[in-house]
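Open your viewer and get ready to select residues.

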Amino acid sequence: MSAALRRRLRFGLAAWRSVASRLPARPHGPFAPDVPSSLTEAECRLLAELAREGEALEVGSWFGRSTIALGSTARAVHAVDWHRGDGHTGPLGTLHPFLRNLARYGVRDRVVVHVGRIEDVAPALRDGRFDLVFVDGYHTADAVRRDVDLVLRTVRDGGKLAFHDFGRPEYGVSEVVRELGADPQVVDTIAVVEVTPEMKRRWSELRGDAAT
Ligand SMILES: C[S@@+](CC[C@H](N)C(=O)[O-])C[C@H]1O[C@@H](n2cnc3c(N)ncnc32)[C@H](O)[C@@H]1O
């Protein structure tokens with residue numbers, strides 16, 4: 001397929017998603033099945049279970065399907081995305097459809113929207129603040145490692161760290177989950193590990209100055 005055709009297809013898809021995000025929410029399924037995402041229904045259910053009654057941080061929201069799943073049960077969700085896409089999603093502006101989707105699914109008042117890179121947002125987040133952090137940003141091993149460096153300290157001891165696209169050989173997520181040294185609970189392609197003081201200590205020894 002030529003580069004020009006690929007560009008045209010990507011543009012057509014983005015235009016369709018933008019139109020679709022203006023339509024009223026379809027009533028079938030609680031987890032926003034008409035919001036573009038690679039999350040499965042089982043993954044959405046898992047996120048909703050993990051977030052129940054707690055405070056969650058999300059790295060990478062895209063069109064908001066995972067944010068909606070988290071926001072369906074959480075007390076609050078801090079959703080961080082610069083809304084410009086990345087090397088895997090392609091360069092796509094998602095902020096406006098994201099905000100519309102949160103409103104359509106009735107979770108807007110429980111979501112604190114941070115429009116920016118996690119590198120810039122994370123330093124302002126307090127240690128141990130979150131019960132759950134969901135990592136679903138750029139999926140190279142270096143980027144996921146960097147995300148862990150930035151967010152691990154923000155998970156309370158005994159809280160959970162969840163990663164999307166675990167077990168997919170084209171991404172670096174599994175490599176980083178292995179480096180955390182915990183046995184993950186896996187549902188489809190989400191891996192969940194419990195965060196302990198020991199894990200935080202091991203990670204900062206492993207990463208040295210890179211871990212903040
Ligand atoms: C795989 S998508 C997220 C999918 C979403 N969780 C869902 O439910 O479908 C990855 C998102 O991460 C965002 N992203 C990539 N690098 C980022 C960074 N350094 N800081 C913040 N957001 C980033 C991209 O803009 C993109 O929207």
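**Stop one: the ligand shell**

Select α3 (65–71), β2 (76–81) and α5 (118–121): each of them supplies at least two residues of the shell around the ligand. Helices (H or I, at least four residues) and strands (E, at least two) are DSSP runs, numbered from the N terminus. This is a predicted model, where local features need pLDDT of at least 70, side-chain atom pairs count only at pLDDT 80 or more, and totals for chains, interfaces and linings use all residues. Residues are numbered from 1 along each chain as its sequence is written.

Next, pick Ser37, Gly60, Trp62, Ser66 and Asp86. Of the 22 residues around the ligand, Ser37, Gly60, Trp62, Ser66 and Asp86 come nearest. A residue is near a molecule if its C-beta atom, placed from the backbone, lies within 6 Å of it.

**Stop two: Asp136**

Select Asp136, in the loop between β4 (130–135) and α6 (141–151). Is Asp136 buried or exposed? Asp136 counts as buried because it has 25 C-beta neighbours inside 10 Å. The cut-offs are 20 or more for buried, 12 or fewer for exposed, and partly exposed in between, with C-beta atoms placed from the backbone.

Asp136 and His83 are 53 residues apart in sequence, and 13 Å apart in space, C-alpha to C-alpha.

**Stop three: the sheet**

Show the strands. An open sheet of 7 strands runs β3-β2-β1-β4-β5-β7-β6, with mixed pairing. Two strands pair if DSSP finds at least two bridges between them. The edge strands, β3 (111–115) and β6 (185–187), each pair on one side only.

Zoom in on β6 and β7 (residues 190–194): they run antiparallel, joined by 3 bridges. Val186 stands opposite Ala191 in β7.
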